[in-house]
Amino acid sequence: MQKLRLLRKTTGRVRVLAPHFCEEIEQAAGTTLHLEQAEFTEDALDGAAIVFAASDDPELDARVAAGAMARNLPINVVDGPALSNFIMPAIVDRDPIVVAIGTEGTAPILAREIKSRIEAFLPANFGELARRAKDLRQRVQETITDPVLRRRVWENLLQGRWRAAVLAGDRTGATTELERQLASGEAQAQPLGSVALIGCGPGEPDLITLKAQQYLQAADVLVVDRLVTPAILEYARRDAVRIDVGKGPEGDSALQEEINRILVREALKGHRVARLKGGDAFVFGRAAEEMSAVRAAGIPIEVVPGITAAHACAASVGLPVTLRTKVRQFTVVTGASADGPIDLDWTALAQPGQAFAIYMGVRTAPRFREQLLAAGAAPRTPVVIVENGTLTSQRSVASDLGSFVDAISAKGIRGPAVIFVGLDWADAGLSRPDQIETYILSPAQSDTLANIANDAAARTRSIVDGRC
Ligand SMILES: C[S@@+](CC[C@H](N)C(=O)[O-])C[C@H]1O[C@@H](n2cnc3c(N)ncnc32)[C@H](O)[C@@H]1O
């Protein structure tokens, strides 16, 4: 009956063949279904364009399927994907909008679940919006000639008060809002561009915020960093222009000034620019430079926070970054050192009970070990390295201060990685998760490293004091 309900909507002629019909089918037949009370014979397929078999008799269904296939007809056997040469996806019908959900016959229950979610999301009269939009198309086209402005007007109509009025059946409200939108669109000589600085999280696409998703969908231009997972770009419009700024010709970061110029240039064209950054834009994201360049050009800029790598990596290995009594502060530091020595307060970081996360520290890890040991940190201070956090390629290694540099080379860790120092599951009363690898040198090897570090630090002090 379900199939017949659907087929009744077609303008084609629907013949229904059966030795007898239930009451429901007889009542539903009306003028659109032609009921023929007869046993199936192959010549019943003559003149058919498409065939459905739904007899509850597998043998009969198989005969119908064989007959249809012999005539090269599309055949769908209900609950018989192996006998069918096409499938009927579940549909959400909001005429003229139709959403089809197919699982290639593998899991109709999943299709039903998706269907009911979409149905809950789209009001029953959602199609009315599409019908009204069709009627308005020409008028909007003629009134607003600038294509960017026109798109804005459509978005305002279809996502704002006009939509609400149409769906509520409020004709007067819809007309007032339509006239208001057309008048304000017409009055603007040039659309106003904007920039949104969007933190896209550590990698896993589900870890972006709903707000980031909305801004991505609205963006005309995407300016994309290297660490942004490509899957996240699926949230953007297909026609959005994409500019990759993560890599220059030799794989270097594009110059920051060039990125600033691109943001300003695109926004001045009236585009909504989404500047996509890994993690959170305000954590080692050079956000301030981009914000001041955009503001200096008089362009509005908004910041959408994201989940920073340290938080995501800690969560992915179940490692709390603060503990009520034992770890009362947590610091993030950068290991990047393009301009010389790493300028950190080593004495403070080496104090017992300190906990911190090193970003961009894989390459400079030996310097962290040397400086921290020289400043008095214990070689057994716990270290946890999380590489490619939240991605399927994630790897995590538990080590200690004396051993973690060797762990990085022994395990072939190249980053991106966050290195946690001073945090341990045991301190939190938790056991270490099974998927975490371990790499810890023997105490003797560690002590040797500590002595080497102390010697190196002593030499540095002598040079600074002028005693060398
Ligand atoms: C230029 S910083 C950008 C940080 C970013 N703004 C954030 O909030 O996460 C790049 C560093 O972030 C860290 N990082 C970013 N994504 C990561 C991930 N999925 N797993 C581990 N570390 C990551 C690494 O330390 C990498 O070197």
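## Exercises on a predicted model

**Exercise 1.** Find which residues of α14 are buried, then work out how they sit around the helix.

*Solution.* Start with the list: in this predicted model, the buried residues of α14 are A365, F368, R369, L372 and L373. Next, look down the axis of α14: its buried residues fall within an arc of 115°, so they line one face of the helix. Finally, step past the end of α14, where G376 follows with a positive phi, near 105°.

**Exercise 2.** Which members of the largest nonpolar core touch the most other members, and which elements each supply at least two of its residues?

*Solution.* Take the core first: it has 25 residues, and F368, L372, I385, F404, I408 and I419 touch the most other members. Now sort by element: at least two residues each come from the helices α13 (346-349), α14 (365-374) and α15 (404-410), and from the strands β13 (356-359), β14 (382-387) and β16 (417-421). Then zoom in on L372: leaving out residues up to four places away in sequence, L372 touches W346, L349, A350, F356, A377 and L401.

**Exercise 3.** Locate F284 and decide: buried, partly exposed or exposed?

*Solution.* Then check its relative accessible area: at 37%, F284 is partly exposed, because buried means under 20% and exposed over 50%.

Note on methods. Residues numbered from 1 in each chain as written. Predicted model: local features only at pLDDT ≥ 70, side-chain atom pairs only at ≥ 80, totals over all residues. Heavy atoms only, no water. Core = buried A, V, L, I, M, F, W, Y, C linked by side-chain atoms within 4.5 Å. Buried < 20%, exposed > 50% of the residue type's maximum accessible area, 1.4 Å probe, protein only. Helix = DSSP H or I, 4+ residues; strand = E, 2+ residues; numbered from the N terminus. Contact = heavy atoms within 4.5 Å. Arc of directions from axis to C-beta.
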